[in-house]
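Hi everyone, thanks for having me. Let's have the structure up on the screen before I start.

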There are 2 protein chains.
Amino acid sequence: MESENMIRYKATVAYDGTNFSGFQIQPNGRTVQGDLEKALAQINKGHFTRIHPAGRTDAGVHAAQMVLHFDYTNTIPQEGLFKALNILTPDDLSVLSLERVENDFHARYYAKSKVYSYRVDNQPVRNPFTRNFSLHHPYPLNQEKAKMALSILVGTHDFTSFCSTKTDKVDKVRTIYAATLAVDEATKEWVFTFHGDGFLYNMIRIIVGTVLEIADGRREVEEMREILEAKDRNAAGPTIGPQGLRLEKVNY
Amino acid sequence: MESENMIRYKATVAYDGTNFSGFQIQPNGRTVQGDLEKALAQINKGHFTRIHPAGRTDAGVHAAQMVLHFDYTNTIPQEGLFKALNILTPDDLSVLSLERVENDFHARYYAKSKVYSYRVDNQPVRNPFTRNFSLHHPYPLNQEKAKMALSILVGTHDFTSFCSTKTDKVDKVRTIYAATLAVDEATKEWVFTFHGDGFLYNMIRIIVGTVLEIADGRREVEEMREILEAKDRNAAGPTIGPQGLRLEKVNY
């Protein structure tokens, strides 16, 4: 046991997910976890450290603030560790903050709620500057219909219809506290924001995929309630691209 | 002569310069001109068409609105040409508009003025989302000093001190109509904006490189006037990175 020499750290990281094969480490492909664990090993003479995130993100999905924890030797000063991590990680991954926490802190179990955004570029011609951060959907959209569809989802529901069948989660009941739509004045993008106690696999990408079908007239607003009640993934719309999705915040 | 079958088009294009070796075609490396001329040839059965831009941009420099002209066969309908160009160009290059113009229109000679922006990420930790569009300069900056330095440059001056020695231009007199600094509330970036009748090679990158030396205290505000009067490239600050620079608009 080295526990007396170990400190538990909570870190907040930001990453542009474009060139990552997701957060979770895997045999092939560059991952956020892989890059961070590699840097931690480099700083600590090659000793491996496992990191534990608040959740995972898929390939191409971004994070403005992902939270994680890890146990690390206390022989390396905190400020030096923080600076070294930012030097040793590539430009598309930054450690925003690092703080010492109690040894029972857990990034996933202690998370109370999460905020995600999904961006849609609704202009006729694709914007080259937002192409990795926004879904290009150049069809006329009705904002009021989109907002009505979103409001149906707010509250505690069984979200089976909005969960990938490739999941190991049995309990599909989640609470959405807020689901909003705003327009980014600078880029003209539609910005969907979801605040909930937790989100199922692909849940937001399926929800926004369905809302876009309603907003562009392929489905009626009322269908949203039927889809929810069907508890059947086939009832909902498509899982749209990962590039528009961003984890904005994890609340504790 | 095929002139009676030719139409002169004015096109406005946007590009993320990150993965381009600049605008101008060259033997090695992907260029904006190369991609556009390749698409025009594909649409017109392999016949080559030369495009003429309002100016060039270096590797890594972006354009929100670059203007160019070209002469093209009138057997291809304009709307079809516009759509085909956007389909045949990669995601980091978009044709925003295409219009028929008089045969004497010239994208470079007719340009009256240009607007460029330069973005600086002044946060302690690099923002992964702006890394390709902003210079990371994490040192305390004095905004008032930066604005005073900029104001000295407004007007008609010989900008030899702010021009790369690798230029073939003899006349270094240019007029800057406006040079401003604002903060982007969403990203906290410093955004420099320059409006002038024309800009010399590397001029804005050298100007902002010098202004940053004044804003972070390495030089005094008054030195800006001395640098201008020296008419010597060595008197000014460094040519900072291309990624913060963006051509915003060409006025006719």
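I'll begin with chain A as a whole and then turn to a pair of helices in chain B.

A word on the ground rules: this is a predicted model, where local features need pLDDT of at least 70, side-chain atom pairs count only at pLDDT 80 or more, and totals for chains, interfaces and linings use all residues. Residues are numbered from 1 along each chain as its sequence is written, chains are lettered from A and ligands numbered from 1 in the order in which they are written, and side-chain values use heavy atoms, leaving out hydrogens and water.

So, chain A. You can find 5 helices and 10 strands in it; these are DSSP runs, H or I with at least four residues for helices and E with at least two for strands, numbered from the N terminus. The C-alpha trace of chain A spans about 60 × 40 × 30 Å along its principal axes. Of its 252 residues, 54% count as buried, meaning under 20% relative accessible area with a 1.4 Å probe, protein chains only.

Now to chain B. How do helix α3 and helix α5 of chain B pack? Helix α3 covers residues 143-153 and helix α5 residues 223-230, and they pack at an angle of about 30 degrees with their axes 9 Å apart. That makes α3(B) roughly parallel to α5(B), a label for angles under 35 degrees.

Who touches whom? From α3(B), B:Ala149, B:Ile152 and B:Leu153 meet B:Met224, B:Arg225 and B:Leu228 of α5(B), with contact meaning heavy atoms within 4.5 Å.

How values were computed
Axes fitted to C-alpha atoms, helices over the stretch in contact; angles between N-to-C directions. Parallel < 35°, antiparallel > 145°, perpendicular 65-115°, else oblique. Buried < 20%, exposed > 50% of the residue type's maximum accessible area, 1.4 Å probe, protein only.
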